[in-house]
Amino acid sequence: VHPLLENRQRLAFYLIAWLPVAAILTIILRRDPARWLETLLLAPPMAAIYAFMCMSAWYVCLIAPIRGSSLARSLGTLAAAAALSSAVWILLGEIWAVALDPWMTTSGLTERYSAQGATIFAIGILLFLLAAAAHYILIAVDQHREAEKRTLEMQVLAREAELKALRAQIDPHFLFNSLNSISALTVSDPQGARRMCLLLADFLRSSLVLGAKKEIPVSDELRLVESFLDIEKVRYGKRLSIIRNVDPNCHGCLVPPLLIQPLVENAIRHGIAPLVEGGTIRMDVQREGTVLEIILENPTEPSGEGLAKDGAGVGLENVRSRLSKLFANEAFVGVSQDNSRFQVRLRFPCIQFGETR
Amino acid sequence: MNPIRIVVADDEELARSLVREYLKDSLDVQIVAECANGFQAVKAVSELKPDLLLLDIQMPRLDGFEVLDLVGRETNVIFITAYDQYAIRAFDVHAVDYLLKPFSAERLAEALDRARKKIARGESTTPAALVTEGRAPGTRQDRILIRDGSDVHVIPVAKIDYVEAQDDYVCYRTEGKRLLKQQTLADAETVLDAARFVRIHRSYILNVDRLAKLELYAKDSHAAILRDGTRLPVSRSGYSRLNALIG
């Protein structure tokens, strides 16, 4: 749809801009001695018709954009369109003059009009070009506004995605329970409450920063795991203990962010939380040549007594799909379980920063 | 006025200490026990008969809903949860009071006030439907809990042979034992997996894995013979349900 026709206000402005054109046209065509009646019957209607004809400049502007390589061709198209529309315009004027002629008290309107042909043709071309310029500006403004709107929409979408990712990463149970711990510590142990606030802030910030990256070194991920464990230690007290077995050679290997932390979180949620006495989580990060191996092991309730624990499945599925996106079939995710232990094992190539895969 | 006697059940010591702190100046409230897991909570309720149980949903051994299943008829319950969409929806549906962690002293006082009024009116109790509706879909219970005094029997669902209605009780038959639970057969039916258990009669639910054969013993009337030789009556509608399940 033509941008002037879809907006009444714009159309009104455009038509008002044509009033001076009608006035100028009247002055030019009035002749000497002035024949006001016939000029007024001729000039303003012609201006009105041309106002609508010039709206077609929009289509010309669309097919002939003023941009770099095709500039010369665009200008040619524009000139041809201006000449054509002006020619049509003087022809329409001629027809109107011929129609009016018999009604005039003084004869010779048609001849007088024809004598002005060249001037009117020139004015027609000029007006069309002006209209084209106006349309170019209009199109540019519209495009700019559209782009701005799109940028804004993109920003909103990106923010939403970020929040969604954060929600997916941070277990609400963990967050609210931690806040509850802080609330409990405020009176009994104000220092502890402050420490817990700082730990929580630290963990949330690292999750956000690391979560936004595509890959991070194992050492960064392990720091995140530690700040998570610090908080869980406050909540679970001596029910939670952990054995770490980390080969420093692995620190530089790149992993997708928040790969290990959710596994530790699962181990606590499904391993430690259901046990009255708690237990020990074991985390191994080892390297065999070019292969990185991560093992997480947690105690479980003796079988037969516990509820079937699902939920761990979803988290593991997530890990599997992220690893296979990065390493295709070179990644391995395995689970094993006996009466009292549950183990997750990940194996995938260790690629350091700067190496290509 | 006697103080309200409360049992607090939460596996986190810090969370319990918060409740303790909030209530330490209320003279009309007395904490009679603190429990760190579901079994302790059931034991405490059975032995101490408190007026009110502050019950965290996520706990080791037995979760809050299982505790409710076992002692919900005997005491008023205020649930506590950090974040549990399904539970919260079920609480709202059944107008059951709950506290969201972290909660304020005022919020706890409000909940206690409401509970106090309920207790004074002699109203109690929390609808049985919560036990199934409060859980996330797909996390069906795979065990049945039965209380015997302050002890709790845990029966894996797969080991149940059949369930029989007996007056106000339901009798679970498992490994030659009979265990009674105060509930209706309809309640038992909602808890048991419909892919394995079928209501064959007004008074019986059968584990179809135990079925050896079906006998026609009168016109329109069948009997189910189990692997151990037990005969159970099968009603006409029970017969069509059984047929629909095992084809």
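Q: What makes two residues count as touching here?
A: Contact means that heavy atoms lie within 4.5 Å. In this predicted model, A:Ile268 touches A:Phe228, A:Leu229, A:Glu232, A:Tyr236, A:Leu240, A:Ala273, A:Pro274 and A:Ile281, leaving aside residues up to four places away in sequence.

Q: Which residues touch the most other members of the largest nonpolar core?
A: That core has 54 residues, and A:Ile268 is one of those touching the most other members, along with A:Leu259, A:Ile260, A:Val264, A:Leu292, A:Leu346 and A:Phe348. Helix 9 (residues 218-236) of chain A gives the largest share, eight residues. Apart from this core lies another, of 40 residues, with A:Tyr14 and A:Leu138 among them.

Q: Why is the link between A:Arg235 and B:Glu12 called a salt bridge?
A: The closest N and O atoms of A:Arg235 and B:Glu12 are 2.7 Å apart. The cut-off is 4 Å, so the pair qualifies. Across the interface of chain A and chain B, the rule finds two salt bridges.

Q: How do you know that strand 8 and strand 9 of chain B pair?
A: Pairing takes at least two bridges. Strand 8 (residues 160-166) and strand 9 (residues 169-174) of chain B have six, in the antiparallel sense, so they count as paired. B:Tyr162, for instance, has B:Arg173 in strand 9 as its bridge partner.

Terms used:
Residues are numbered from 1 along each chain as its sequence is written. Chains are lettered from A and ligands numbered from 1 in the order in which they are written. This is a predicted model: local features need pLDDT of at least 70, side-chain atom pairs count only at pLDDT 80 or more; totals for chains, interfaces and linings use all residues. Side-chain values use heavy atoms; hydrogens and water are left out. A nonpolar core is a set of buried Ala, Val, Leu, Ile, Met, Phe, Trp, Tyr and Cys residues joined through side-chain atoms within 4.5 Å. Buried means under 20% relative accessible area, exposed over 50%, partly exposed in between (1.4 Å probe, protein chains only). Helices (H or I, at least four residues) and strands (E, at least two) are DSSP runs, numbered from the N terminus. A salt bridge is a side-chain nitrogen of Lys or Arg within 4 Å of a carboxyl oxygen of Asp or Glu.
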